[in-house]
Amino acid sequence: MANFLEHGSTRPTALITGASRGLGAAIARELAPTHSLLLGARKAESLEPILSELPDSTAWPVELTDYPAVARAAEPIERLEVLVHNAGIADLGTIADSSVAQWRNTLESNLIAVAELTRLLLPALRAGNGHVVLINSGAGLRANAGWGSYAASKFGLRAFGDALRLEEPGLRVTSIHPGRIDTDMQRALVAGENRDYEPREFLTPETVARAVRNAVETPRDAHPTEIVLRPIAR
């Protein structure tokens, strides 16, 4: 990352969290032709496949709930045009069976870490007339049984985006609410539901990534505030 920041770039810069695979990697592929990329993940080694595919990108490995480490990683970034909050967890269970730890971990990863990283990067985002993209969920619009803590974190994420949009009028803030996506995380969720996995039931990561790119490329006279995507029943 030092070389990237020292030498700079004539292209706008985008930071994508959770970029090592799935939707995050798909977003990286969509933005790579037009942006210099900082790709976030917990471990540097997990980024090796996407970095080999996109060799002009730069690894930005940090545990997002380790706030001193996040502050150190964010400090060198002086200008940022796009921040995509894609990292998150889905630890599902009924309210009756959930624990304090589950609620804390879910809210920490899906909401508090997003708020803190955004806060730390506000000077860079202001300098770049930046665009914050929040990868939310259909669960951020309605809560289903067994999804209580996850939905609460995503409802909170939507509220965070609404407040940020009003507090920082120089920035654009887009909440993207996709339905369920064909990813490794989705396979784990379906296995937990004790049913067969059928990829055709879900959105592809590429479709959602295209929506992110479309939001980022929307001309500056418009503010794409919310985008909702649902898979077509097949």
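Tutor: Helices and strands here are DSSP runs, numbered from the N terminus. The model is predicted. With that numbering, Asn86 is in the loop between S4 and helix H5 (100-127).

Student: Is Asn86 buried or exposed?

Tutor: Buried means under 20% relative accessible area. Asn86 has 16% relative accessibility, so this residue counts as buried.

Student: What does the side chain of Asn86 reach?

Tutor: The backbone oxygen of Gly18, at 2.9 Å. Beyond four places in sequence, the contacts of Asn86 are Thr17, Gly18, Leu23, Gly24, Ile27 and Ile135.

Student: Which residues touch the most other members of the largest nonpolar core?

Tutor: The general idea is that in soluble globular proteins nonpolar side chains tend to be buried together. In this model the largest nonpolar core has 30 residues, and those touching the most other members are Ile16, Ile27, Leu37, Leu39, Val84, Ile135 and Val212. Elements giving two or more residues to this core include strand S1 (13-16), H2, S5 and H8. H2 gives the most, with 6 residues.

Student: Which residues of H8 are buried?

Tutor: Pro205, Val208, Ala209, Ala211, Val212, Ala215 and Val216. Viewed down the axis of H8, these buried residues fall within an arc of 150 degrees, so they line one face of the helix.

Student: What covers the buried residues of H8?

Tutor: The cover includes helix H2 (22-31) and strands S4 (82-85), S5 (131-135), S6 (172-178) and S7 (226-229). As for Val212, leaving out residues up to four places away in sequence, this residue touches Ile27, Val84, Val133, Ile135 and Ile176.

Technical notes: Residues numbered from 1 in each chain as written. Predicted model: local features only at pLDDT ≥ 70, side-chain atom pairs only at ≥ 80, totals over all residues. Heavy atoms only, no water. Buried < 20%, exposed > 50% of the residue type's maximum accessible area, 1.4 Å probe, protein only. Helix = DSSP H or I, 4+ residues; strand = E, 2+ residues; numbered from the N terminus. Arc of directions from axis to C-beta. Contact = heavy atoms within 4.5 Å. Polar contact = N/O pair within 3.5 Å; in protein donor to acceptor, adjacent residues only side chain to side chain. Core = buried A, V, L, I, M, F, W, Y, C linked by side-chain atoms within 4.5 Å.
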